[in-house]
Amino acid sequence: MDGVTRATFCSRNAHKARELERLLPGWSLQTLDVEGWPDEAGETYVENARAKARFGRQHGDPGTWMIGEDSGIEVEALDGRPGLHSARYAPEGAPAIARLLRELDGVPDRRARFVSELVALSPAGEEVAGTGILEGRIAAEPHGSGGFGYDPVFVPDGEERTVAELGDEWKQRHSHRARAARALLAALGAALALVAAGCGGDPKTANHVLAAFFAGGPRARQLGKVFPHKTGSVPCVLEPGGPATVKPLQATCSTDVSLVKPDRAVVTLTEAWNHGAQAHTWFFFIRRSGVVESVVQEGAAAPQARR
Ligand code: IMP
């Protein structure tokens, strides 16, 4: 299963499962088909999402990640209701929308937000989480047939149409769940970088990415002479110094790797000097094989001797 992460989505909501599958490319998702789900008794979305993932950990395949999700819609004029209780406000779809529109009848403040929280538990029990928020307003009446739940009455900020009109492609890029999935993947990348730095677990993947990168081209080989070949920082000399007047430029060079997808990563190389007051960072977007797709640089101009 090289390059594919196996996960179980701990939810009974088929709409969410379909959305999430498209939001986690490179993951193979299965659903959890068991009885006796815990009540959504938490005081926050993250507590509920964690409870679902833990339930999955107890009853599902021990070899897969477990993903729990909790979401809701918070309406400003209703003091954030239905919020955590969105699923129990009224049966999903037309009845819930009818109740919401009734409560907002004649209310000029239509501001609202969707919130999604994702919690993933690794087979060994480590937890990674991601939050996504989509701001918008409640329409006067339902429009559109895409999505599910409150989508026919939710108009995102910057849009004139409801999420149900904007459709599934739009949701895949912009929804609260899409944002939470991106945050989860970023957090997972950071967690893997920690693993690569020696904080437990199996450092193989991130180290493989770095080794391939530093061997992969003249530029990476050049930079690889200064930057550490596993995540972390080392003291380095950016300019060797020279006759009489030029002092060597002391700095710290750090390497980091975040996996944005199982087969793609961002390798970050940062050199910081003047006691950290100045820094230059390269972001290399690379394939797991080490092939560089693009490079972005930020910060102070890199010292001449290093380029
Ligand atoms: P729960 O996360 O299973 O507690 O359910 C949250 C409820 O919020 C769902 O039943 C929907 O009514 C609503 N909801 C969550 N995400 C969406 C969405 O993407 N579109 C519309 N409604 C949603």
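1. Terms and model. Two strands pair if DSSP finds at least two bridges between them. Helices (H or I, at least four residues) and strands (E, at least two) are DSSP runs, numbered from the N terminus. This is a predicted model: local features need pLDDT of at least 70, side-chain atom pairs count only at pLDDT 80 or more, and totals for chains, interfaces and linings use all residues. Residue numbers start from 1 along each chain as its sequence is written.

2. Overall make-up. The protein chain has eight helices and eleven strands. Of its 307 residues, 36% are buried. A residue is buried if 20 or more other C-beta atoms lie within 10 Å of its own, exposed if 12 or fewer, and partly exposed in between, with C-beta atoms placed from the backbone. Two residues are in contact if their C-beta atoms, placed from the backbone, lie within 7 Å. Take the contacts between residues at least 6 apart in sequence: 52% of them join residues at least 24 apart.

3. The six-stranded sheet. The sheet is open and mixed in pairing, with strand order E2-E1-E3-E4-E5-E6. Strand E2 (27-31) and strand E6 (154-156) stand at the edges; each has a single partner strand, so one side of each has no neighbour in the sheet. From one strand to the next, the twist averages 35 degrees. E3 and strand E4 (residues 111-121) run antiparallel and are joined by ten bridges. Within this pair, Glu74 has Arg113 in E4 as its bridge partner.

4. Helix H1 on the sheet. Helix H1 (residues 14-23) lies across strand E1 (5-9), E2 and E3. Its direction is at about 170 degrees to E2. Axes here are lines fitted to C-alpha atoms, for helices over the stretch in contact, and angles run from 0 to 180 degrees between N-to-C directions.

5. Ligand shell. The ligand is surrounded by 18 residues, and the closest are Ser71, Ser86, Ala87, Gly149 and Tyr150. A residue is near a molecule if its C-beta atom, placed from the backbone, lies within 6 Å of it. Strand E3 (65-75) and helix H3 (86-89) are the elements that give two or more residues to this shell. E3 has the largest share, with four residues. By type, the shell holds six nonpolar, seven polar and five charged residues. Ala, Val, Leu, Ile, Met, Phe, Trp, Tyr, Cys and Pro count as nonpolar, Asp, Glu, Lys and Arg as charged, and the others, Gly among them, as polar.

6. The loop between E3 and H3. Check the backbone here. Pro82 lies in this loop. A cis peptide bond joins Arg81 to Pro82, with omega about -10 degrees. Asp79 is found in the loop between E3 and H3 too. Its phi is near 55 degrees, a positive value in a residue other than glycine. Asp79 is exposed, because 8 other C-beta atoms lie within 10 Å.

7. Nonpolar cores. A nonpolar core is a set of buried Ala, Val, Leu, Ile, Met, Phe, Trp, Tyr and Cys residues joined through C-beta atoms within 7 Å. The largest has 45 residues. Ala53, Ile67, Leu118, Ala120, Phe154, Ala181 and Leu184 have the most contacts inside it. E4 gives the most to this core, seven residues. Another core, of 19 residues, lies apart from it and includes Ala251, Val267, Ala272 and Phe284. In soluble globular proteins, nonpolar side chains tend to be buried together.

8. Ile67 and Leu184. Beyond four places in sequence, Ile67 touches Ala7, Thr8, Phe9, Cys10, Ala53, Leu118 and Ala120. Leu184 lies in helix H6 (residues 176-196). Leu184 is buried, because it has 25 C-beta neighbours inside 10 Å. Outside four places in sequence, its contacts are Leu118, Ala120, Val128, Ala129 and Gly130. Gly130 is 54 residues from Leu184 along the chain, yet their C-alpha atoms are separated by 4.1 Å.

9. Asp151. This residue lies in the loop between strand E5 (127-138) and E6. Asp151 counts as buried, because it has 26 C-beta neighbours inside 10 Å. Not counting residues up to four places away, Asp151 touches Gly146, Thr162, Val163 and Ala164.

10. Strand E9 (residues 264-273) and strand E10 (residues 278-287) run antiparallel, joined by ten bridges. Thr270 has Thr281 in E10 as its bridge partner. Their hairpin has four residues between the strands, and Asn274 takes a positive phi near 50 degrees there. E10 also pairs with strand E11 (residues 292-299) in the antiparallel sense, over seven bridges. Phe285 stands opposite Ser294 in E11.
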